[in-house]
Amino acid sequence: MGAGKSTLGPQVAERLGRPFIDLDRDLEQDLGTTIPEFFEQRGEKEFRLQEESHAIAALRLPDPAVIALGGGAVQTPSIRNELRDRAFTVLLEVDPDTAWQRSAGGDRPLARDESEFHALYERRRELYDAVAEAHVYDVDDMLLAAAGVHVHTGALESLGSLLGGGDVALVSDPHVGGIYGAAAQVALGARLASVHEVPQGEAAKTAAVAERLWSELRLDRDGLIVALGGGSTTDLAGFVAATYLRGVPWVAVPTTIVGQVDAAIGGKTAIDLPQGKNLAGAFHWPVRAVVDPATLATLPEDERREGMAEVVKTGLLAGEPLWELPAQEFVRRCAAFKAAVCLRDPDEHGDRAILNLGHTFAHALEAAADYDGVTHGQAVALGLLAALRLSGRATEVVEEVLSPKRVRVDRERAWAALQRDKKTRGGELRVVLLTEEGPVVETRPEPEVRSALDELIAE
């Protein structure tokens, strides 16, 4: 009690687009009295029986929800069983002194004596730890935990302890492998079964490289593919994991800003085709994304600028200047924002499409350049310019933070690639725009979209 579940729970529910159930409040409504009065009249034993039936009913609801359990609910074995079988359970941490300060002086029946309160905390602690799949302190922590994203400086050294069982195949490019490969291999220890090298950057995302990995892998279905590197590496390795043996689990260990704030989160995996970017892929969520902001320290300045395009995109979507935060904090905030969007729309049937802000144009430019000569960050920065112009919004933030320059690509190839964008429906072009109410996906006339694209291309 006093951890803040009733305060933070509704915020998590809103971010996830799910209903919020405060079990204690629902109990009071159904019982027709307050919990303190019920305790006084019927006793704690009878209250726990009522709590048990209400908790199990809430946990068995057919649709996902965010449920705040009373502090003593985990004392009931049947509730613990339901949590294990049906829920992802997080423990909202609070130290006992703070919990006492928040709880004392009110009408909570179990918060009337400080020494007894502290003893109760200690008695329950083992049960809390037993049911919790993650320990969290705020809303972003909850969202990241629910999406399987672990953000922590030094996480790479703890990689082995963060993964489940089974043999591991490690995939990385020669550059990242040369910097972090040894640390990853030491962390994985005896579970490391094989190491696979793939080309650096977008050159990795081809059918030929995917086919080579399929041929090299010797994992069974209990095995695990670990992708160590940037967004291209995680895109490729995730796609290979989705298709090898009809699907094996994988873990993303992103080492670039693009990877840590975007590519490694949410389960989108893909390779490129000559006709366009990411046209062959699958939704295959990593069982864990291990994000170590310390790996950003070795990024060259040009790659850091590249990644900031995704940070600016996320900040525009969130309505917050996330690009002004220190690296560790913008990584965490951006990752939590994307995690929430992907959790409420895992397969991109709705809200998740907003994450493509600027990318309709960016992917077209990359395809027109044959994925050589126009980087993803450059293309996204230009795509954000186009999206903001079509939205009738100011472009100063993109220009000042990212300084995008027009690129030289074939206009007709870029236009042909844009028309194959995954958001197109019935031949109508749909783009992500920003409105006063937030981001939306709208159909726009072809001449308008073509003009916005042409403005990004140098003569």
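What is the volume of the largest cavity? In this predicted model, where local features need pLDDT of at least 70, side-chain atom pairs count only at pLDDT 80 or more and totals for linings use all residues, the largest cavity has a volume of about 100 Å³. Residues are numbered from 1 along each chain as its sequence is written, and side-chain values use heavy atoms, without hydrogens or water.

**View 1. The lining of the largest cavity.** A cavity is a set of points on a 1 Å grid over the protein atoms alone where a 1.4 Å probe fits but cannot get out, and its lining residues have an atom within 4 Å of a point. Of the 13 lining residues, Lys-277, His-363, Ala-417, Arg-420 and Asp-421 are the closest to the centre.

**View 2. The second largest cavity.** This cavity holds about 40 Å³ of space, a volume being the space filled by probe spheres set on grid points that are joined across faces, edges and corners. Its lining consists of Glu-348, Asn-356, His-359, Thr-360, His-363, Asp-421, Lys-422 and Lys-423.

**View 3. The largest nonpolar core.** A nonpolar core is a set of buried Ala, Val, Leu, Ile, Met, Phe, Trp, Tyr and Cys residues joined through side-chain atoms within 4.5 Å, where buried means under 20% relative accessible area with a 1.4 Å probe, protein chains only. The largest such core has 110 residues, and those with the most contacts inside it are Ile-225, Leu-236, Val-311, Phe-361, Leu-365 and Val-409.

**View 4. The surroundings of Leu-236.** Leaving aside neighbours within four places in sequence, Leu-236 is in contact (heavy atoms within 4.5 Å) with Val-198, Ala-204, Val-209, Ala-210, Leu-213, Ala-270 and Ile-271.

Key: On a 1 Å grid over the protein atoms alone, a cavity is a set of points where a 1.4 Å probe fits but cannot get out, and a pocket is an open set with protein on both sides within 12 Å along at least five of seven lines; lining residues have an atom within 4 Å of a point. Buried means under 20% relative accessible area, exposed over 50%, partly exposed in between (1.4 Å probe, protein chains only).
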